[in-house]
Amino acid sequence: MSAPNSAERKACWDARDQLWKCLDYNGDKVSACQKYQSEFEGKCPAQWVKYFTKRRVYLKYKDKMQEQGFTPADGPQQPS
């Protein structure tokens with residue numbers, strides 16, 4: 001498999017951006033964005049799809065942590 005050329009990369013990134021916009025608008029409901037999901041998977045290499053999907057989850061988590069902060073869970077207490 002050869003690396004995507006400039007036009008193929010741009011098409012992939014545009015498809016990714018359209019999918020993410022749809023997901024943001026529809027509250028992350030994949031079923032509402034199936035058209036964009038199919039286009040994204042068709043225009044991007046499988047490894048890129050996997051990477052971008054994980055990246056979106058990470059970015060959403062990072063934003064949540066910045067907005068709400070981190071509260072540690074109450075775990076087992078160590079005897080003193």
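**Close-up 1. Glu-8 in helix α1 of the predicted model.** Glu-8 lies in helix α1 of a structure that is a predicted model. The residue is partly exposed, with a relative accessible area of 42%, a value that falls between the limits of 20% for buried and 50% for exposed. Once neighbours within four places in sequence are set aside, Glu-8 is in contact with Ala-3 and Lys-43. The C-alpha atoms of Glu-8 and Cys-44 are separated by 7.9 Å, although the two residues are 36 residues apart along the chain.

**Close-up 2. The disulfide between Cys-12 and Cys-44.** A search of the whole structure finds 2 disulfides, and one of them is formed by Cys-12 and Cys-44, whose sulfur atoms are 1.9 Å apart. This pair links distant parts of the chain, with Cys-12 in helix α1 (residues 6-25) and Cys-44, 32 residues apart from it, in the loop between α2 (34-43) and α3. The torsion about the S-S bond of Cys-12 and Cys-44 is about 110°, and the disulfide is therefore right-handed. Both partners count as buried because their relative accessible areas, 0% for Cys-12 and 7% for Cys-44, are under 20%.

**Close-up 3. The disulfide between Cys-22 and Cys-33.** The sulfur atoms of Cys-22 and Cys-33 are 2.0 Å apart in this disulfide. Here too the pair links distant parts of the chain, joining Cys-22 in helix α1 to Cys-33 in the loop between α1 and α2, with the two cysteines 11 residues apart. The torsion about the S-S bond of Cys-22 and Cys-33 is about -90°, so this disulfide is left-handed. Cys-22 is buried, with a relative accessible area of 10%, and Cys-33 is likewise buried, with a relative accessible area of 1%. When the bonded cysteines of the protein chain are numbered in sequence order, the pairing reads 1-4, 2-3.

Close-up 4. Arg-56 is found in helix α3, which spans residues 46-68. With a relative accessible area of 10%, Arg-56 is buried, since buried is assigned to values under 20%. Leaving aside neighbours within four places in sequence, the residues in contact with Arg-56 are Trp-20, Leu-23, Asp-24 and Asp-28.

Definitions and conventions:
Residues are numbered from 1 along each chain as its sequence is written. This is a predicted model: local features need pLDDT of at least 70, side-chain atom pairs count only at pLDDT 80 or more; totals for chains, interfaces and linings use all residues. Side-chain values use heavy atoms; hydrogens and water are left out. Helices (H or I, at least four residues) and strands (E, at least two) are DSSP runs, numbered from the N terminus. Buried means under 20% relative accessible area, exposed over 50%, partly exposed in between (1.4 Å probe, protein chains only). Contact means heavy atoms within 4.5 Å. A disulfide is a pair of cysteine sulfur atoms within 2.5 Å.
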